[in-house]
Amino acid sequence: IAIIKNDLSISGGGERVCVNLANELAKFYNVTLINFYRNSSAYSINTNVNIFYLLEEKNRRYKSFYKYVLNLRRYLKDNNIRLILVIGRNSILESAIAALGTSTKVIFCEHVPIGMLSYDNFKMKFINYIVQKFINNLAYKIVLLTQKDRDNFYINKQHIKKKKLINIYNFIDKKLIKKLKRYCVENKKILTVGRIDYQKGYEYLIEVAKLVFAKHPDWQWHIYGDGETEYKNKIINLIKQNNLQNNIVLQGNHSDIYDLYQNYSFYVMTSRYEGLPMVLLEAKAKKLPIVSFDINSGPSDIVRDGIDGYLIKPFDCNAMADRICELIEKPELRQKFSDNAHGNIYKFSKEEIIKQWCDLIENI
C-alpha cells in the first residue's frame, strides 16, 4: 500500500492524518509514504513505514508534473503497489494518471468539504472542475470524513453511486488520552490551534474577542500555528487596531501540541469550513469544553450541543461571544462539559477506525 501527500513538512491536520494512518496500517501491511520531494516530516514516522520521494528537491508543480507522474508510475509498478491512498486534492492528478493502466487501485481520501469552497477566478474554477472529474471517474473508492460530505456533495451534486463512497472518521491518537490531568477549572485561558489562514476565520475570532474581553479583560486567548505572511500580518494588525495585544497571543508553532490542551479552560474554533477537524478531536480527548461555529461539516459530528460544548450558527459572532462569556462566568458549567467530553469518544477510537480501514482494504 502507498499513501501519498505532496508535502509532509507542513504542521497541518491532513499531514497528521496521513502519518498516523501510515503508522497504524504498517502494523498489517507493507506501507510506503510517498512525498513529492525530499523534506522532513512535521510528525513522527515509525521505522516500519517506508518513505519514497518523487524528486530530491522542491520544484514548481507545472514544471515537474511529468517527472512526478513518471517517477510515481515507475514506483507503483516496480514495487507491486496494490492500492494508493491519496490524502487530499493536492496529489490526485499525478496519482490518478500514474496509476492508469497499472494494477494499482486509487482510493481518494477527502480531507476538506470541497463542495463548500468557492473560487474567485476562472482558472481555479477550471482546475477544480478537472480535479473533481479525476476523482469521480478514476478513484476506485472515495473515502469521506462525514455523512454530510457524502450526501450533500457527492451523491446530490456529483451523482456518484453510493457503493463507491465510504465514511471513515479520523481517529484520536491514544497518546492524547493517556495520563490525563485533572481538568483545571481555574484556568483563565482560551485555546485555538490552526494555521493562520483564511480558512480558519481569524477575522471572526477577533470580532468575538472584542466582545468577550470587554467583559472579561483578565482572560487571554492563545493561538498556536503559523501562516502565510500577508494574511498573518493582516490578523496582527487587526489585533493591534482593536487593542487586544494583551488578550490575544499568537504563540507560533509548537513541537508537541498534545501537551498544551490541558493548560487551557476551553477550546474555540471559528473556521469558515473544515473536514473533520483534528483539533476538535484533540480538545475532546483532553476533555476541554468546545465552542465552535456549526459549519457545514465536522463540528456537529464531534460536539454535542449543550452537553460537552456549544455549536453556534455559522459566523454569528455575537452568539459565540455570549456562549464564551457564559462559560467564563460559570465554572461549574465548564466542569460539567469537561466531565461529559468522552461520552461519544468511542466512535473516534483508533481500534474502530483502523478496523474500518482494514475492512475496506481487504474487500478491495
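Lys188 is partly exposed in this predicted model, with a relative accessibility of 43%. The side chain of Lys188 forms a salt bridge with that of Asp218, at 2.9 Å from N to O. Asp218 is likewise partly exposed, and its relative accessible area is 46%.

Side chains of opposite charge can pair when their charged atoms come close. The count for this model comes to 20 salt bridges. One of them joins the side chains of Lys5 and Glu15, with an N to O distance of 3.4 Å. Because Lys5 sits in the loop between strand E1 (2–4) and H1, and Glu15 in helix H1, this pair links parts that are 10 residues apart in sequence. Are these two residues buried or exposed? Lys5 has a relative accessible area of 7% and is therefore buried. Glu15 also counts as buried, at 8% relative accessibility.

Another salt bridge connects the side chains of Glu274 and Lys200, at 2.7 Å from N to O. Glu274 is found in the loop between strand E11 (266–269) and helix H8 (278–285), and Lys200 in the loop between E8 and H6, so this pair ties together parts that are 74 residues apart in sequence. Glu274 is buried, with a relative accessible area of 8%. Lys200 is buried as well, with a value of 13%.

| Salt bridge | Distance, N to O |
|---|---|
| Lys5 and Glu15 | 3.4 Å |
| Lys188 and Asp218 | 2.9 Å |
| Glu274 and Lys200 | 2.7 Å |

Salt bridges also join into a network, which links Glu24, Lys27 and Lys350.

**Nonpolar cores**

Which residues have the most contacts inside the largest nonpolar core? They are Trp221, Ile248, Tyr261, Phe266, Tyr267, Val291 and Ile324, within a core of 63 residues. Apart from this core lies another of 30 residues, among them Ile84, Ala99, Val131 and Ile135.

Leaving aside residues up to four places away in sequence, Phe266 touches several residues, including Lys189, Ile190, Leu191 and Trp219. Its contacts also include Leu288, Pro289, Val291, Ile324, Leu327, Ile328 and Arg334.

**Cavity and pocket**

How many cavities of 30 Å³ or more does the model contain? The count comes to one, and the space inside this largest cavity is about 190 Å³. Its lining is made of 16 residues, and the closest to the centre are Val17, Leu21, Leu145, Asn170 and Trp357. Helix H1 (13–25) and helix H12 (350–363) are the elements that give two or more residues to the lining. The largest share comes from H1, with three residues. By class, 12 lining residues are nonpolar, three are polar and one is charged.

The second largest pocket has a volume of about 320 Å³. Of the 16 residues that line this pocket, Ile1, Asn80, Ile81, Arg82 and Leu83 lie nearest its centre. The lining of the pocket comprises seven nonpolar, six polar and three charged residues.

Key. Residues numbered from 1 in each chain as written. Predicted model: local features only at pLDDT ≥ 70, side-chain atom pairs only at ≥ 80, totals over all residues. Heavy atoms only, no water. Core = buried A, V, L, I, M, F, W, Y, C linked by side-chain atoms within 4.5 Å. Buried < 20%, exposed > 50% of the residue type's maximum accessible area, 1.4 Å probe, protein only. Contact = heavy atoms within 4.5 Å. 1 Å grid on protein atoms, 1.4 Å probe; cavity = no way out; pocket = protein on both sides within 12 Å on 5 of 7 lines; lining within 4 Å. Points joined across faces, edges and corners; volume = space filled by probe spheres on them. Helix = DSSP H or I, 4+ residues; strand = E, 2+ residues; numbered from the N terminus. Nonpolar A, V, L, I, M, F, W, Y, C, P; charged D, E, K, R; others polar. Salt bridge = Lys/Arg side-chain N within 4 Å of Asp/Glu carboxyl O.
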